[in-house]
Structure formats: structure tokens, C-alpha cells
Amino acid sequence: MKPALRLLPVLLAATALSATAAAAASIGVVAPQSGPFALLGKQMQDGAEAAAERLGIEVHPVAETCQPGSGEAIGRQLRDAKVTAAIGFLCSESLDGALPLLKEAGIPAITLSVRWKVLMEDALKNEWPFFRMAPTADDEAEKVIAIILREWSGDAVALIEDGTIHGRELVEAVRAGMEERGMKPVFTDTYRPGQEQQVALVRRLKKAGATHVFVGGDRNDVAIIARDAAAEQATLTLMGGDAMRAADQPVALAAGTLAVALPEYDASPSAQEAVAILRGKGIVPEGYALPAFAGVELVADAAGLSSAMGMPVAEALVGTGFETAIGNVTFDSGHELADNPYVLMEWRDGRFVPVGAVGQ
């Protein structure tokens, strides 16, 4: 039986206690308050404070500098404030040095951002109470592979990348995953990014017989490739990665362009109450605002379960499904998200929308 199902009767029994436990809970919000990441930090702070106000929870803001060696001071502040848990942690530097102190204090740390795999490996080895609401470094490639195998298995698939570290590593992981499962691309290439036109690339794709193309590159390059493909009468289905979530300029993205990306949380049914609360406070529900809102919600529920079961909050977080503003959040035994958060999306009417349940 899955842990989330095993704990369901307990969760139901804990409902009456959850409001009291949540009110007694306090949450640290570790986020930049100045410097180049201040805007992202404000998104975290705004989302967390809005959820905490709704639930009657105390919030302890802790400034995050993202500087090497800053983690120990952050850990001391959270420990001295006796918070129930801490969310935020935009940078891995804030966790280095903090996690041993948080282990001693029994304070779970939940990052909304850090994707570094080695940090989680160290946390599990040292039994640090570290949880990740962000995807891992491998999740994007794994979802792309799954979608290509499911939706493009009978098509002539090309893989192209822009020569950047991320683009190259993403496409190489996708290629390896495809070939391990017996599917070879008909064409692979590295293109020069940031060009005003990509006609030569389009012609090479057309000559190779490619009909479906995964692009490890940024949004504007994909938009230019789509534009030039239409001009060359090359019928190409284009799909990019999470880098597609960027400004739609200077070249507009063609309708029907696909992306494997993190969801647009503000459009999901589960987020509408939180969106209304944030907008009512003049807060735009973008970036980290809704994930931070959700982080406070799940900590509140975990505190209720912890109180009812007499278990540490960190233990209550594992294997339990929490309904939040960004949907169900469940941490597996490795303290990672149990479900890959990336979804297949399509550009329609000025925004990315989920493509049904395909590949999700």
C-alpha cells in the first residue's frame, strides 16, 4: 500500500486538530531581500505571507544572500526562531552549512528552486531534513523522452541544440534515452543561436526528412525556426523545453508550438482561490508566488499530521499527499517530488496551455 493511502485515515482523523496545529506552527521564509535576486525573493515572500495570513500562521523572514558560507547563519536564525519548517532557499549556498543545524533542531528545509542532485544525495546520506519542491536536474529530459516515445514513436524525429551547456546536455540525455529504447533520431545538429534567420538549418532538417523536432534552445530561436519553416514550406512540429517559458519577443511564437515545461500554475483550478487572494493584495501570481503559497499550505497540513500522530514534521512530509494551490504535492522516500512536475504544453492564444493529459 502506498504511504499516502496508508496515512489517509490518519489524515482524516487529524482534520479537527490541523487548524490548532497550523495556528501553532511558524514558518521560516528564506529568500533574497536585496541584490539581483530580490524580485524572486519578493515573489516567495509575498506568496508565503498571503498563505500564512489565511491560515493564521506566523512567518519568520530570513534574508538570503546566496553567498558561499552564508548557510550556517541562516540555520542559526531558523533554529533560534524555533520555526516548524522553512521554505524558500533560492540558492544552494543557503543550504550548505544550514542543513546540519536544521537536523539538530528538527526543522525541515523545503527548497522551491535548488535542483542540484548532489545536495540531495548528501542530505539523504547525512539524514538532513531536506525536501525539494523543485524538479530535479533530470526531470526535464525524462519527460521529454517519455513524450517523444509515446507521441512521436512513428515519426521522423530530429534533435537540435544551441551549443550551450544546458542545451547540449538536455539533447544528449534525450538522444541517449531514445536510443536506449530503440528509437534513433533521423538528424542531429548544433545550430548557432541568436541569429536573425535559420533558413539553412530548416533546409537541412527538410532534406533529412524530419517531421518532428526537439530543440534544446531558447524560445526566440524556436520562434525563428518555426517562421522560416513556414516560409520554406517545411512541415515541422517543434517542441522545446522549459526555456520556452520566456518573453514572446522579438519574434512571436507560432500557434501549435510545443513545450515540455513547468505548468502555468495560475491557470489551474486548484490555484484559483490562492490567485484571488494574491490579486486582492495587489500581488501578481507569477514566478515563485504560488509555489511559496503551496509550501506554507503543505507545512501547515504536515504540522497537523505531526501533532495527531506524534511524529516529527519531517516524517509527516514523506509519502503524504498534500492538496495545495499548485495541486497535489507528495514527497517520495528520497524527499523528491513523487510526480515529475513537467507537462506537455501548446502555444495557443498568447499562452501555453496543457495538451490534455498527454505525457503528463
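1. Domain bounds here come from an automatic or database domain assignment. On that basis the protein is divided into domain 1, covering 26–135 + 267–331, and domain 2, covering 138–261. The centres of domain 1 and domain 2, taken over C-alpha atoms, are separated by 34 Å.

2. This is a predicted model, in which local features need pLDDT of at least 70, side-chain atom pairs count only at pLDDT 80 or more, and totals for chains, interfaces and linings use all residues. Residues are numbered from 1 along each chain as its sequence is written, and side-chain values use heavy atoms, with hydrogens and water left out.

3. The pLDDT, the predictor's confidence in each residue from 0 to 100, has a mean of 92 for the protein, and 92% of its residues reach 70 or more. Over residues 1–18, however, the pLDDT is below 50. Beyond near neighbours in sequence, this stretch has 18 contacts (heavy atoms within 4.5 Å) in the model.

4. One disulfide (a pair of cysteine sulfur atoms within 2.5 Å) is found in a search of the whole structure. The partners are Cys-66 and Cys-91, with sulfur atoms 2.0 Å apart. The link of Cys-66 and Cys-91 is right-handed, with 70 degrees about the S-S bond.

5. Are the two cysteines buried or exposed? Buried means under 20% relative accessible area, exposed over 50%, and partly exposed in between (1.4 Å probe, protein chains only). Cys-66 is buried at 11%, and Cys-91 is buried at 10%.
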